[in-house]
Amino acid sequence: MRIGFLRLLDAAPLIMAGHLGYFTAAGVSVSLHRQTGWMNARDQLLAGFLDASQAPIGMPIMSQTGRAGFEKPLVAVMNLGSGGNVFVLSSELAQAGVDSIASLAHFVRSQTFHQVLNRTLIGSYVSTYSGQYYLLRNWLEAAGLSENRHIRLTPLMPAQVPEHLAHGYVDVCCIGEPWGTRCVSYGWGTIIGATTDVLPHHPEKVLAFTEQFAAAHSPEVIRAVEAVLRGADFCSQPRNMDTLVEVLSHPAHLDESPDIIRRSLMLGVSDAFPTPGRDDFADVGATPMRRSDAAPVRSWNASDCYPDSAAMEWFLGQMVRWHDLVAGPELQLVAQRSVRTDFFEQAAARLGLPHVAADSSQSLKWRNIQPAVTPIAV
């Protein structure tokens, strides 16, 4: 079984399942293959070079509608945790005194804005079928900032964002970790919030198989989910921090500085994380990020890994709201086809966690959740 991943902390459960031998222990042979971007992962899945991949939550949805170049339907078999994205402002905006979404809204409407930028505000996201895109739209809307009128949004691969921030091509972005922390560490930007501020415990990346492979290899898929669940549990334990940092920073995995990986893992847990040998590191982008247990920056708890079709319906609703899909009765069927919960439920039972699916589905209550878009006084 060949599984793709990108240089994002969301991939940690996959990487650790491989590194710690959980796939082998579950009786499934898995090789992990790093991809350069989501379109690359899509093409590898369509060509049959990958059987599964880490994927944005919207990728299975798009595949089920046959849009965005998907010629094969994908199905999500589990979430790779929840959250994990941050909102980053350019250093230019930070130097102008912007330190929150409210102050960004004030700044855009001020005369100073035209003196500093003298152009339209530019925002970036990964893709229009990522949770990042829709949560960014809601975050901006909360401050009365609308696309085209106040800001122009453009898709960028995560690895492109730091350079665009550094050169002043992008002013605000929603990006998966550790890329936000990387921008902060080099003085290219400032983290001012997390997507879980907009929607606590939201799914972001999923483990998606081609529908054909999942149907033909159900026992292997169940065992793979079992291994990744064990990987997620390992990631969720604070005592494993040093091992996580060492493994994830490896060139074959995220290929990132251990210092940056460690600080990224600590977002929301510690307001600042000093780095040996870098006296200025803790002061760069030092906006407090501490979060309550109700809305951590990320979570790898088993309940957050449950692939609920109601969450897919919620994101489909966002796609309709922002005019990326047309509303219709078939969309509920698309949400249901985008997810297979039976693999997760059987894997959880094998691990002695039969309660996880029922508890998480009950606690999320997706159909009643609305993003935190209460208008901000500006």
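Biologist: Is Tyr133 buried or exposed?
Modeller: Buried, because its relative accessibility is 5%. Buried means under 20% relative accessible area, exposed over 50%, partly exposed in between, with a 1.4 Å probe and protein chains only.

Biologist: What about Tyr134?
Modeller: Tyr134 has 1% relative accessibility, so Tyr134 counts as buried.

Biologist: What sort of model is this?
Modeller: A predicted one: local features need pLDDT of at least 70, side-chain atom pairs count only at pLDDT 80 or more, and totals for chains, interfaces and linings use all residues. Residues are numbered from 1 along each chain as its sequence is written, and side-chain values use heavy atoms, leaving out hydrogens and water.

Biologist: How many aromatic pairs are there?
Modeller: Nine. Rings of Phe, Tyr and Trp (its six-membered ring) pair if their centres lie within 6.5 Å; planes under 30 degrees apart count as stacked, over 60 as edge-to-face and the rest as tilted.

Biologist: Why is the pair Phe87 and Trp139 called stacked?
Modeller: Their ring centres are 3.9 Å apart and the planes sit at 5 degrees, so the pair is stacked. Phe87 lies in strand β6 (residues 85–90) and Trp139 in helix α8 (residues 131–142), 52 residues apart. Helices (H or I, at least four residues) and strands (E, at least two) are DSSP runs, numbered from the N terminus. Phe87 and Trp139 are both buried.

Biologist: Back to the tyrosines. How do Tyr133 and Tyr134 pair?
Modeller: Edge-to-face, with 4.8 Å between centres and 75 degrees between planes. Ring pairs link Tyr125, Tyr133 and Tyr134 into a cluster.
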